Amino acid sequence: MLNPARQLRQRFQRWAQSRQARTDTLQLTQRNVYILPTRAGLLFAVTVIVLLLASINYQLNLGYVLTFLLAGSGVVSMHITHATLRGLTLHLRPVAPAFVGDAVLLDVVLTSPGTARFGIGLKVASAAPGTLSWINVPALGQASAQLSFVATARGRHEVPTLGAETRFPLGLFRTWTVWRPAAQLLVYPKPEHPAAALPLTRAVAGGAAQARINDGGEVEGVRAYRRGDPPKLIAWKKAAKAMEAGGDLVSRDTSAAVHQALWLDWQGCGSLAPEDRLSRLAAWTLAAHRAGAEYGLRLPDRELDLASGDAHRRHCLEALALWR
Amino acid sequence: MPAALKARASAWLGWQRLPRDARDTLFMLFVIGWTVLPHVGHLAAWCSLLTLAVLLWRARLALDNAALPSRWVLVAVLLFAAGLTLWSHQTLLGKEPGVTMVVVLMALKTLELRARRDAFVVFFLGFFIVLTHFLYSQSLLVAVAMLVSVWGLLTALVLVHMPVGQPSLRQAGALAARTALWGAPIMALMFVLFPRIGPLWGVPSDGQVKTGLSNTMRMGSVAELALDDSIALRVRFDGPPPAPGAMYFRGPVLTRFDGHEWRVANFDSFATLRAPSNLQVRGDPVRYEMTLEPLRITSLPLLEATGIAPAIEGYRTLALPDLQWLTDRPVIERLRFKAEAWPQFTHGPRTSTPALREALELPAGYNPRTLAWAAELRRQPAYANAPPRVLAAALMTHIRTQRYTYTVAPGEYGANAVDEFWLDRREGFCEHFASAFVVIMRALNVPARIVTGFQGTDAAPIDGYYAVRQSSAHAWAEYWEPGTGWVRADPTAAVAPDRIDRGSRLAPPPGLMAGALGNVSPELLARLRGGWEAINNRWNQWVLNYSRGQQIDVLKSLGVDSPSWEDLALLLIVSLSSLALGGAAWAWWDRHRIDPWVRQMERLRAALRRLGLDSAAHDAPRALAARVRAQYGAQGEALAALLDALERQRYSRTTLARPDAALTRAFVSHARGLRPAR
């Protein structure tokens with residue numbers, strides 16, 4: 001369907017975006033701060049006109065004084081509103097990666113080169129108008145605001161366009177700016193929930209040498225029953241209690257501590273769809289990291305060797321986020 | 001309600017500790033209350049009470065953080081208020097009911113402050129209410145009170161737009177004041193240059209109600225004015241002022257009498273042309289400048305006898321044959337003009353004309369005893385064929401000798417008021433004396449009429465201006481003498497010579513405060529009053545009196561020949577455009593403004609760059625100092641020390657608010673003294 005108005009708007013948006021280079025530090029100047037009267041501003045204009053008409057008709061010189069005082073204040077408020085944004089420097093701190101479905105936190109630092117600035121609202125441009133996070137910037141100082149939005153797809157994304165606006169002091173004008181940060185944002189796949197239990201080393205085809213097959217090793221803990229658990233692995237006493245409470249069977253968990261090394265394998269996810277596999281692998285990565293295990297990640301076209309630690313976790317999640 | 005009082009008191013004491021919302025709401029309610037307060041005198045009692053109740057209710061809700069009432073409650077209260085308005089004013093249109101409804105709406109809207117839009121409605125209604133005060137009074141006091149109101153409203157508006165934390169009222173107030181102060185030049189410019197035009201529709205009869213002179217007079221209508229101490233006009237004389245007894249300001253001349261009410265004669269334009277006023281003057285004229293308050297009548301109360309039309313910007317003036325001056329439309333603004341008057345003059349026809357017949361008519365059936373009294377006078381031999389001036393003198397003597405009393409409060413008179421006054425009660429104000437005089441003269445077959453206007457001024461001038469108050473309103477008489485014309489006869493002078501010769505008026509009992517002060521120190525009271533009126537006079541001259549005439553004067557003083565309406569508009573547009581350009585230029589210049597610390601660092605780095613020391617923007621002064629020390633050793637110690645000092649100024653516990661310019665200068669000069677490395 002051809003919708004000329006929509007096409008025009010899209011064209012305009014493309015043009016406006018191309019005007020704005022992506023940058024992590026944006027200096028607000030005359031060129032990128034926009035201003036228009038608000039609905040209240042129009043109402044104010046109507047009020048001033050009515051006051052003027054009344055002053056003329058009743059020949060009230062004090063009425064003229066009031067009318068012109070309000071008109072003058074309105075004009076001055078326009079300049080103050082514009083000057084509230086103009087001159088500010090917006091800076092986006094490095095953005096931490098997030099999981100799909102989680103809130104991404106954006107830390108924006110505003111620096112004022114001169115006077116104090118009041119009532120500046122920041123938001124992700126596409127968010128609803130009511131979600132502004134408000135901030136004051138002290139004179140010759142800095143203030144930081146946190147914005148958040150929900151990540152919807154894994155991968156490396158550009159930080160969405162941000163908007164800053166203010167109506168200070170009288171609300172008759174709204175001045176705003178559009179900011180396209182250059183920073184990139186890494187979004188990991190959404191971890192599966194409830195998480196499937198970590199694969200047993202047994203499941204690892206052609207597993208590493210360290211992996212020991214041990215079904216009856218030392219009992220380290222319990223975990224949810226999994227199909228295929230032999231009856232002797234079930235912790236019957238605990239299971240009875242758990243079932244009394246409406247739970248499920250409980251098996252002895254012998255894997256985590258015993259099997260220090262562990263392969264998280266694409267192939268080990270059964271017959272799930274690719275994205276679900278990534279979710280499961282992400283959940284496993286988190287679980288393996290939590291358990292302090294040494295683990296490796298095996299994707300169809302990539303393999304990360306056995307390792308542990310924060311950096312390894314990050315590499316694994318990154319690999320999952322960026323897979324194909 | 002002691003509980004509510006207690007809550008309010010504790011709220012007041014804990015003003016700082018209130019939650020933000022409650023504090024802002026209370027502040028706004030206070031501002032609204034202040035804005036409405038001066039209306040209490042004009043509003044019906046129920047409206048004031050309802051407003052007070054609603055505001056208190058809202059304050060209570062704010063303190064308790066309770067839910068606002070449902071919309072149905074508001075609608076019900078609004079309908080109730082509309083019903084009461086109809087009941088007390090019989091209409092919903094017009095000034096009084098309009099003000100009543102706006103005040104009620106404003107109060108009720110505070111109960112509906114849900115969205116920001118609602119807040120705006122309250123503010124804009126507030127500005128409107130401020131304007132309605134000026135319909136009643138434009139005095140300096142009202143202006144100051146309303147300035148506070150506007151400031152409060154703007155402060156509340158600023159508070160709404162400071163959503164972070166708990167900004168103090170003082171801070172928001174300062175921001176609002178700053179906005180208004182920066183707007184003041186625009187206000188002054190527009191006030192001076194905005195072309196003053198007449199009312200766009202209708203004549204504002206609803207404006208300030210001035211019970212000045214009018215084209216009718218009833219017994220008691222002038223006495224009402226005796227209580228009104230406001231100023232009707234001011235005169236400044238170029239030379240010495242005429243004697244107080246000669247200061248008659250002539251207003252409407254009332255010839256027709258229906259028994260109750262005196263009215264002006266019928267003038268059609270033809271008769272106006274045909275009957276000249278026949279004014280003949282002797283001696284030297286008195287030149288004077290008059291500032292006339294908007295009396296909302298067409299009559300110009302000029303000093304007797306002003307022969308030449310005064311030039312008044314925006315009005316045409318016209319002299320009636322009875323020597324009254326008229327404007328072509330009611331005067332609804334303060335006028336200032338110059339004129340000349342001759343204290344010695346004669347006017348009116350020398351010989352009997354048909355037009356005089358109207359000045360002989362008496363309504364049938366009224367005041368029979370007075371007519372009988374007059375007939376009896378006529379029968380006395382001395383007066384049987386006496387000329388009018390002898391009869392007038394006889395009446396004056398009668399008034400002087402028969403114990404008549406001059407009083408502000410003569411009480412009510414019935415249908416035959418002249419009978420009652422002249423023969424029974426003998427107590428009256430100027431209009432009683434003048435009416436009786438004219439009725440008796442007519443009964444004696446002498447044409448006579450009543451002249452209304454002002455007589456006398458304040459004893460001492462203020463700023464060179466003699467004030468004539470509404471309480472100086474006066475009614476006197478004129479009778480026609482063959483061969484001479486109309487002759488002034490003021491029967492009040494016979495009963496109360498002080499009133500005429502020294503301008504001392506009958507004063508109504510003073511108010512409590514003024515009374516107490518007057519007893520302790522009459523001079524202080526007089527001086528206070530004089531000072532206050534001097535300020536008030538300036539206020540009137542410069543603000544309220546500012547009209548088209550003064551605008552034209554401003555243009556003339558700017559060197560415009562024969563300025564016009566269009567010139568004003570053009571000048572206004574040009575000035576506003578240049579102001580707007582100035583604002584844009586400021587914003588453009590402001591673009592280049594950067595953090596003064598950054599600017600200082602740039603200068604220091606530039607100085608170092610000349611020495612061959614490159615640095616990055618993020619290098620701290622400390623890092624630069626290390627580099628200078630590495631490069632120059634002891635030679636560069638002075639520079640390095642300055643950099644360390646800068647580091648302390650910026651980052652130590654006691655930082656400077658602004659960069660130290662002396663440091664920058666010292667650094668640059670030291671750097672010049674060094675030779676570039678390599």
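The largest nonpolar core of this predicted model holds 96 residues, and Phe123(B), Phe127(B) and Phe134(B) touch the most other members. A nonpolar core here is a set of buried Ala, Val, Leu, Ile, Met, Phe, Trp, Tyr and Cys residues joined through side-chain atoms within 4.5 Å; buried means under 20% relative accessible area, exposed over 50%, and partly exposed in between, with a 1.4 Å probe and protein chains only. Helix H6 of chain B (residues 116–136) puts in the largest share of this core, 13 residues. Helices (H or I, at least four residues) and strands (E, at least two) are DSSP runs, numbered from the N terminus. Leaving out residues up to four places away in sequence, Phe123(B) touches Met28(B), Leu153(B), Ala156(B), Leu157(B) and Val160(B), where contact means heavy atoms within 4.5 Å. There is also a second, separate core of 43 residues, with Met217(B), Phe429(B), Ala434(B) and Phe437(B) among them.

As for bookkeeping, residues are numbered from 1 along each chain as its sequence is written, while chains are lettered from A and ligands numbered from 1 in the order in which they are written. Local features need pLDDT of at least 70, side-chain atom pairs count only at pLDDT 80 or more, totals for chains, interfaces and linings use all residues, and side-chain values use heavy atoms, with hydrogens and water left out.

Chain B averages a pLDDT of 81, and 88% of its residues score at least 70; pLDDT is the predictor's confidence in each residue, from 0 to 100.

Two histidines make a handy pair to look at. His42(B) sits in the loop between helix H2 (20–36) and helix H3 (45–64) of chain B, and counts as partly exposed because its relative accessibility is 30%. Beyond residues up to four places away in sequence, His42(B) touches Glu96(B) and Tyr136(B). Its C-alpha atom is 9.1 Å from that of Thr100(B), 58 residues apart along the chain. His82(A), in helix H3 of chain A (residues 61–85), has a relative accessible area of 11% and so counts as buried. Apart from neighbours within four places in sequence, His82(A) is in contact with Gln30(A), Val33(A), Ile35(A) and Thr175(A).

Chain A as a whole has six helices and 17 strands, and 49% of its 324 residues count as buried. Among contacts in chain A with a separation of 6 or more, 68% come from residues 24 or more positions apart.

Back in chain B, helix H20 (residues 548–557) has Gly549(B), Gln550(B), Gln551(B), Ile552(B) and Leu555(B) buried. The buried residues of H20(B) pack against helix H8 (169–193), strand E11 (335–341) and helix H21 (565–590) of chain B. Just after H20(B), Gly559(B) takes a positive phi of about 95°.

A cavity is a set of points, on a 1 Å grid over the protein atoms alone, where a 1.4 Å probe fits but cannot get out, and lining residues have an atom within 4 Å of a point. Of the 17 residues that line the largest cavity, Gln59(A), Asn61(A), Ile332(B), Glu333(B) and Leu544(B) are the closest to its centre.

Conventions: On a 1 Å grid over the protein atoms alone, a cavity is a set of points where a 1.4 Å probe fits but cannot get out, and a pocket is an open set with protein on both sides within 12 Å along at least five of seven lines; lining residues have an atom within 4 Å of a point.
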